[in-house]
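Take a moment to look over the model below. The text then leads you through it, step by step.

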Amino acid sequence: MTDEQELLGKGKLIHTNERNGAPLLLLDGVAVKFFPRRSPLVHLMRVACKGTKAHKQWNAASALRKIGLQTPEPVEVKVFGFQGDYEAAYLYRFLENAKPLHQALLDGDRPLLLSTLAEELALMAQSGFLFVDFHLGNVLVDELGKLWWIDPEMTFSAAEIRKKFWSRMERMHHKCDPGVLSDDEWSFFVRMLNEKLPEDLKRI
Ligand SMILES: Nc1ncnc2c1ncn2[C@@H]1O[C@H](COP(=O)(O)OP(=O)(O)OP(=O)(O)O)[C@@H](O)[C@H]1O
Ligand SMILES: [Mg+2]
């Protein structure tokens, strides 16, 4: 049995990616996130230069932890061979009792959660990176009200960040999480961000 089959057989399914059907499993307190395999050549190249999506999430999680933001502790990247459906899996700690931010906003301290969110996004921008798949399901809130970033995918290019920063914020508000923030809350969130962002990213 391959590593891939063994993991797939042992873990409990907690989520299936809507776009590519890849599973997220829970196994002994660890979240195991699978990424689909591409062609054999791409697979070989990605594995050789540690460039699989699982490696990228590991690197992004390390970057977040370095600047003091919370993301579940990375455990391991498991790379698979040519037989199965997946190129690799990213293993990281599963957080018990954490809720996605859109859910936590329903009965939480909304202004505090939104200003913390803006503060953390601005800290990433000051540190030279942007959380690409920014939406309120990729931020979990623990029992203490602290934020945890999951599904980390980063861009580290200053030019890309200048080009994409605000469109990523708009995408969250209008496309991924429509109706979650009121007009006033969106204005508040934009104002909080603007106060903390580096000069070249401020929205005028
Ligand atoms: N470490 C974790 N601890 C607790 N819950 C988690 C953890 N990782 C993921 N989850 C739960 O699983 C859900 C999906 O996780 P994730 O965002 O990584 O998957 P995804 O396939 O990218 O989904 P989507 O494309 O819908 O964002 C999260 O919204 C969260 O509820
Ligand atoms: Mg996600």
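Start with ligand 1, which sits in the largest pocket. Here a molecule sits in a cavity or pocket if more than half of its atoms lie within 2 Å of its grid points. A pocket is an open set of points on a 1 Å grid over the protein atoms alone, with protein on both sides within 12 Å along at least five of seven lines.

Some ground rules come next. This is a predicted model, where local features need pLDDT of at least 70, side-chain atom pairs count only at pLDDT 80 or more, and totals for chains, interfaces and linings use all residues. Residues are numbered from 1 along each chain as its sequence is written, chains are lettered from A and ligands numbered from 1 in the order in which they are written, and side-chain values use heavy atoms, without hydrogens and water.

Which residues are closest to ligand 1? They are Asn-17, Lys-33, Arg-93, Leu-95 and Asp-151, from the 15 residues that surround the ligand (a heavy atom within 4 Å). A nitrogen atom of ligand 1 lies 3.0 Å from a polar side-chain atom of Tyr-92. For Arg-93, a backbone N or O atom lies 2.9 Å from a nitrogen atom of the ligand. Asp-151 brings a polar side-chain atom to 2.5 Å from an oxygen atom of ligand 1. On its own, ligand 1 has 620 Å² of accessible area, and the protein covers 83% of that (Shrake-Rupley method, 1.4 Å probe).

Together, Asn-138 (OD1) and Asp-151 (OD) coordinate the magnesium ion, ligand 2, at 2.2 Å. Donors are N, O and S atoms within 2.8 Å of the metal (3.2 Å for Na, K and Ca); water is not among the atoms, so the site may look incomplete. The pair links distant parts of the chain, 13 residues apart. Asn-138 is in the loop between β7 (130–131) and β8 (139–141). Asp-151 is in the loop between β9 (147–149) and β10 (154–155). Strands are DSSP runs (E) of at least two residues, and helices (H or I) of at least four.

Are these two residues buried or exposed? Asn-138 counts as buried because its relative accessibility is 4%, and Asp-151 is buried at 15%. Buried means under 20% relative accessible area, exposed over 50%, and partly exposed in between (1.4 Å probe, protein chains only).

The loop between β7 and β8 also holds Asp-133. Asp-133 is buried, at 14%.

By contrast, Lys-10 in helix α1 (residues 3–10) is exposed, at 53%.

Key
Polar contact = N/O pair within 3.5 Å; in protein donor to acceptor, adjacent residues only side chain to side chain. 1 Å grid on protein atoms, 1.4 Å probe; cavity = no way out; pocket = protein on both sides within 12 Å on 5 of 7 lines; lining within 4 Å.
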